[in-house]
Amino acid sequence: MSQLATETRAENVSGEEQPLLQVRDLEVGFETQRGVVSAVRGVDLTLYAGQTLAIVGESGSGKTTTAQSIIDLLPRNGKVTAGQILFEGRDLTTLPPAAIEDVRGRLIGYVPQDPMSNLNPVWSIGFQVEEAIKANNVAQGKEARLRTIQVLKDAGLSDAADRLKQYPHQFSGGMRQRVLIGIGLSAKPKLLIADEPTSALDVTVQRQILDHLATLTRDYGTSVLFITHDLGLAAERAEQLVVMYKGKVVESGPSQEILANPQHPYTQRLVSAAPSLASRRIQSAKHADADDPQIYAGGSTDDTLIARAAEREQAAPAKALISVENVTKMYKIRQQGFRSEKLLAVNDVSFGVQKGTTTALVGESGSGKSTVAKLILQLESITSGRIEFDGQNVAGLKGAELLKFRRRVQPVFQDPYGTLDPQYNVGNTIAEPLLAHKVGTKKERQARVLELLDQVSMPSATRFRYPGELSGGQRQRIAVARALALKPDVLVLDEAVSALDVLVQGQVLNLLTELQTELDLTYLFITHDLAVVRLIADNVCVMQRGRIVEAASTDEVFDNPKEQYTQELLAAIPGGDFEFGR
């Protein structure tokens, strides 16, 4: 934490200044067929002007519900049943809808988590940002257009002027998230509520966005209410920390004190599960002398991960199951009228994925990672180059040969809810690949579904449930089970854990590691999170602007990164300099 931020907090707490936001004994319930279900129970928090407060906890702990209740954005069946939400002394729970609308956006900005669901797919990006600027009376006419460009630049889009006429589907997930951040900041609100604002962003852009938020806090007295599952982010950026579990606050206070010495068992679990901290435990275990006391007490070191890191160093090179040679992908981007521009998304990329190992493809949003995955999966055609799978060129595969290839190479995408049919129950979802490839009888398929549910540690009764009835982590387990249905050799995991909280991340990563050992699977792991890479990958390829700038073993990349860009990625991991205790 900066000295300025510490001094600001001290002045606010010791002085007589009124809190900007004060939540007292907040209770929120949801109407269901079985009555009112309590989601938030007796929550208290206080935030002063210029402060940053983080609410941390796993999915379902009540973090987002608490934030949405502040600006009256709860779902129709949700309502505040008790308590007060005081903003600048006014109780927002008693204001009429028109008054709340005047507060929302202009005085309290909001950045939601899911960018695709919160951007209109039929409106251009420029129109949507400009609409928010005009609605909040920030600027009108030509000034609104200039302000739109500046807002997007501040949010991290350097080529904002050229992208105004593009649509959400033409942006990467990280770019869409930056647009939402720009909309939330457009009116320079007194309070910004940011719900997982950087979960879809790579670490370097995340740092840029958070540095910009810190500048607002300092220059304009803007307070920030973070909702995050990233303990490293909370430690690095928030002065105050509130830990929620099952709708209640279980621990709160200065973030450094809580994270250095967590008291509640749940907070201790969150700290121990943070990927950036687990990564540091591996590094310290690798380089520490045998008699050198560790910063972490016994039982906190992840022996399995450390043993796996040691095995990687000693393992003999295996045969390349996937070979990517000088692959290039060129897109034509339609402009106004009949004009089009060429976009070089992948530029002369070469790498190999050895059988039974995990290769991580790492880089910023728009670096070409996901495009490479689509080319390998044959979801996009190659402009030039060659991709071989098990010695066979996949570019020319058609019909039965292509179907055979897809049985052996299966994808797991970032958003499990978007890739699971809401009208199919879990059993039918997992069995769908078996039906498509005409594998087994109905009885054999049902038996395979039960086997797969057991493999991903889900109860057999789950097969009768639907995606909407599952948590994010459970849906991702079902996505993994479906990918394993055809007993593939390779899983292509595109940001498979980026949207999950740290506890569920740890569970899914452990599951993937166990399945790899048990089934001799090969993984191509697409991610922007280098802390996760340290836990799971054998080899790393770092991509920047469509090219691979560094490729080596995971240990080499973390111990001795050669490229400046790789060093910047490592340096940007949140909480890397924070001293955590046990």
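**Notebook: salt bridges, cores and surface of a predicted model**

I began with charge pairs and counted 13 salt bridges, taking a salt bridge to be a side-chain nitrogen of Lys or Arg within 4 Å of a carboxyl oxygen of Asp or Glu. I noted the reason for looking: side chains of opposite charge can pair when their charged atoms come close.

Before going on, I wrote down that this is a predicted model, in which local features need pLDDT of at least 70 and side-chain atom pairs count only at pLDDT 80 or more, while totals for chains, interfaces and linings use all residues. I also noted that residues are numbered from 1 along each chain as its sequence is written, and that side-chain values use heavy atoms, with hydrogens and water left out.

**Entry on single pairs**

I looked up Arg534 and Asp555, whose side chains meet in a salt bridge at 3.0 Å, N to O. This pair links distant parts of the chain, since Arg534 sits in helix 22 (residues 530-536) and Asp555 in helix 23 (residues 554-559), 21 residues apart; I take helices (H or I, at least four residues) and strands (E, at least two) as DSSP runs, numbered from the N terminus. Are these two partners buried or exposed? Arg534 is buried, with a relative accessible area of 0%, and Asp555 counts as buried at 5%, where buried means under 20% relative accessible area, exposed over 50%, and partly exposed in between (1.4 Å probe, protein chains only).

I then turned to Asp489, which forms a salt bridge with Arg408, the closest N and O atoms being 2.5 Å apart. Here too the pair links distant parts of the chain, with Asp489 in the loop between helix 20 (472-484) and strand 17 (490-494) and Arg408 in helix 16 (residues 399-408), 81 residues apart. Arg408 is partly exposed, because its relative accessible area is 26%.

A further salt bridge joins the side chains of Asp159 and Arg163 at 2.9 Å, N to O; Asp159 is partly exposed at 30%, whereas Arg163 counts as buried at 17%.

**Entry on the interior**

I found that buried residues make up 52% of the 582 residues in the protein. The largest nonpolar core has 54 residues, and those touching the most other members are Ile430, Ile478, Leu493, Leu512, Phe525, Leu530 and Val533; such a core is a set of buried Ala, Val, Leu, Ile, Met, Phe, Trp, Tyr and Cys residues joined through side-chain atoms within 4.5 Å. Apart from this core lies another, of 44 residues, including Ala139 and Val179.

Which residues does Ile430 touch, not counting those up to four places away in sequence? I listed Val449, Leu452, Leu453, Ile478, Ala481, Arg482 and Ala485, with contact meaning heavy atoms within 4.5 Å.

**Entry on a loop residue**

I placed Pro75 in the loop between helix 2 (63-70) and strand 4 (78-87), where it counts as partly exposed at 40% relative accessibility. Leaving aside neighbours within four places in sequence, Pro75 is in contact with Phe30 and Gln68; Pro75 and Phe30 are 45 residues apart in sequence and 8.5 Å apart in space, C-alpha to C-alpha.

**Entry on confidence**

I recorded an average pLDDT of 81, with 87% of the residues scoring at least 70; pLDDT is the predictor's confidence in each residue, from 0 to 100. Over residues 1-15 the pLDDT is below 50, and over residues 288-302 it is also below 50. I keep in mind that where pLDDT is low, the predicted coordinates should not be read in detail.
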